[in-house]
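Here is a short briefing on a protein structure. Keep the sequence and the 3D view open while reading.

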Amino acid sequence: MITLTERQKMILKAIVRDYTSNGVPVGSKALASQLPMHVSSATVRNEMAALEELGLINKTHSSSGRVPSVKGYRYYVDYLVQPDPVKSNDIDVIKSSLDGQFLKIDEIIELSANILSNLTSYTAFTVKPELKESRLSGFRLVPLGKRQVMAVLVTDNGDVETQTFGVPQGVEGEQLEAVVRLINDQVIGQPLATVLELLQTSIPLQIAHYLQSPDGFLKIFGDVLTKAAQERFFVGGRLNLLNYSDNADVEELKSLYTLLDRSDDMADVLGQTGDAIQVQIGSEITNKILRDYSLITATYSVGGHGKGVIALLGPTRMPYSRMIGLVGAFRQELAKRLMDYYRNFDE
């Protein structure tokens, strides 16, 4: 661990705060006027030289000012950052935006990504609470006419998934109804993971008594079940990446936007965080496409309904103190809103 004097800590903190606010390399005269104690510009220059020697700041080619290095940002986030108090109007925006009528949890989670993106001007991610014990509470088929049927699956947390499919020739409605009764008798109340396992083992043999070729039906049931069991992942402010990207390589930008649409890959990037807000900078992020960015992630808890994740992707030159404070406040408001939703659903 790098050991700094109190004065060096104050100078590094001032450089980070100034540079992330203005984007202009910070000089010794500007720093001297910001420090709480009286020191000369020469003293500040000596301390800056020591910080540069330690690799915490870099000198730019265009001026005598200094900018934080990735190592400097890391030290600042680990030891010096103090989350800014969240402005009351930001809290009001969050609360009023979430204060709507929602039919599905997914609608709240998707809206949250857009709210957080709008508040920060960065790219935001929200992941639905992970419900490992989410259970199947109902499955049925709704005739739509012209041999089209909608499969409807409901979980115990109120999620509803649907998928439309065509009924093959030779399969009658009575046969499908018998299959639905069989499925409901066998798996209602079971965790979705268990139902998926049964779908690979005992269910096909039982359905074969009613359908000569059960593969098509099994695929439909499996698809809608998998959709209900998977994590819901939403992105807000995709285009905001262009506002602070220094990369003019079109292919790299394409790769970046492709990554945002791959929920499995982004789930790996976001990872499993603890209760503390985490900050990953540059190469610390698991995907090399994001090596020039910083990622702030936080979990939010909805009691017995699971935990989800919110995250911000922005430049390494982001105002960490404001963003960490905002992410902390946002996850609290989102958790409150989701708890309200579940209370209303359970009534």
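**Aromatic core**

F139 is buried, at a relative accessible area of 3%. The model is predicted.

**Ring pairs**

- The whole structure holds six aromatic pairs.
- One of them joins Y75 and Y79, which form a tilted pair. Their centres are 4.8 Å apart, with 50° between the planes.
- Y75 and Y79 both belong to helix α4 (residues 70-80). They sit four residues apart, about one turn of the helix.
- Y75 is buried, with 5% relative accessible area. Y79 is partly exposed, at 46% relative accessibility.
- F139 and F221 form an edge-to-face pair. The distance is 4.7 Å centre to centre, and the planes make an angle of 65°.
- F139 lies in strand β4, while F221 lies in helix α10 (residues 215-229), so this pair ties together parts that are 82 residues apart in sequence.
- F221 is buried too, with a relative accessible area of 0%. That value counts as buried because the cut-off is under 20%.
- Ring pairs also bring in F217, making a cluster of F139, F217 and F221.

**The sheet around β4**

- Three strands form an open sheet in the order β4-β5-β6, with antiparallel pairing.
- β4 (136-145) and β6 (160-166) are the edge strands. Each has a single partner strand, so one side of each lacks a neighbour in the sheet.
- On average, neighbouring strands in this sheet are turned by 20° against each other, direction ignored.
- β4 and β5 (residues 148-155) run antiparallel and are joined by eight bridges.
- V142 has M150 in β5 as its bridge partner.

**The second largest pocket**

- By class, the lining has eight nonpolar, three polar and three charged residues.

**A loop residue to check**

- What is the phi of S121, which is not a glycine? It is positive, at about 65°.
- S121 is found in the loop between α6 (105-120) and β3 (123-130).
- S121 is partly exposed, at 44% relative accessibility.

Key:
Residues numbered from 1 in each chain as written. Predicted model: local features only at pLDDT ≥ 70, side-chain atom pairs only at ≥ 80, totals over all residues. Heavy atoms only, no water. Pairing = 2+ DSSP bridges. Helix = DSSP H or I, 4+ residues; strand = E, 2+ residues; numbered from the N terminus. Axes fitted to C-alpha atoms, helices over the stretch in contact; angles between N-to-C directions. Nonpolar A, V, L, I, M, F, W, Y, C, P; charged D, E, K, R; others polar. Buried < 20%, exposed > 50% of the residue type's maximum accessible area, 1.4 Å probe, protein only. Phe/Tyr/Trp six-rings, centres within 6.5 Å; stacked < 30°, edge-to-face > 60°.
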